[in-house]
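Please read them with the structure open.

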Amino acid sequence: MSEQFSVLEILKKSTEFLLKKGISTAKSDSEWILCEFLKINKIDIYLDNGKITDSKIIDLIRSAVVRRAKREPLQHITGNVDFCSINLKCDTRALIPRYETEQLVDIVAKNIPLDFQGKIIDFGTGSGAIAIALAKQFEKASFFAYDKSEQAISLAKENAEVNKCSNQIVFRSFDWQSDSFTFEKSDVLVSNPPYLSKEEWCLAEPEVKNYDPFDALVSQDKGYSDLKRILEISPCVLKKTGMLAFEMGHLQAEHVQELAMNNFKNITIEKDFSGKRRYLLAWLA
């Protein structure tokens, strides 16, 4: 006789298993897995209509729960992540897009007109999240997404195809630390660069250390190297009075603001939703 369980039974068993493995978000993680593999909404879990008898589905859910117990991120288990009202493929080729970066997209969007037809560069595009999210909002704009990782670029291209905006975005291999910028200048430069120190990375959760690319997170010079380099080469990348927006560590804000004064005006530091000083916004002097 084949196994059969109610949805609530699976939720209870999965939650108990993950709690024993030290997963503090055991219940919500189990809910997410059930919704993903059963193609249901959260409320359907608690309506608990009928039994699940398909052994393949039960095995998929069981496998997903075991993977989560080993601290694999949910986004890798499900293979996708929601970001700024779009859905992106997600795997080890690039950093998992974070909620904080959604706010960076919002900040950029609020500072350019809806009919914007200029050029926007995304440095360190990773999964393509920032460029794609902005391309969906500004369909007349042109985007240039750069990354030094060919694996990340391959994922970003797949995401652009899935979200039907690949005709708006040019993807290029580029390492701003070692390559000279010889391309056409843009009106906007946006970036979520590496800004963790090695010490901060060592203290991160296993989901981060074991699955996100090290080079997408950690920067030399106590986390400042890439932020400094972007500020340094921005005059070569941006048109006159072009706008720069990037994400940084909240403890870096004061020093980064001082550095920006060399080439920028109207410099502001925006806070994230938790009140931390997270984003630099500035215009080329």
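This is a predicted model: local features need pLDDT of at least 70, side-chain atom pairs count only at pLDDT 80 or more; totals for chains, interfaces and linings use all residues.

**Notes on the model**

1. Arg62 is partly exposed, at 38% relative accessible area (buried means under 20%, exposed over 50%, partly exposed in between; 1.4 Å probe, protein chains only). Arg62 forms a salt bridge with Asp59, the closest N and O atoms being 3.1 Å apart (a side-chain nitrogen of Lys or Arg within 4 Å of a carboxyl oxygen of Asp or Glu). Asp59 is also partly exposed, at 42%.

2. Residues are numbered from 1 along each chain as its sequence is written, and side-chain values use heavy atoms, leaving out hydrogens and water.

3. Asp272 and Arg278 form a salt bridge (3.2 Å, N to O). Asp272 is buried at 7%. Arg278 is buried at 11%. Shared partners join Asp29, Arg68, Arg71, Glu205 and Glu207 into one salt-bridge network. The count of salt bridges is 18.

4. Helix α7 (residues 129-137) has 7 of its 9 residues buried, so the rest of the structure largely encloses it. Helices are DSSP runs (H or I, at least four residues), as are strands (E, at least two), numbered from the N terminus.

5. Seven strands form an open sheet with mixed pairing, in the order β7-β6-β5-β8-β9-β11-β10. Strands pair if DSSP finds at least two bridges between them. The edge strands are β7 (169-173) and β10 (264-271).
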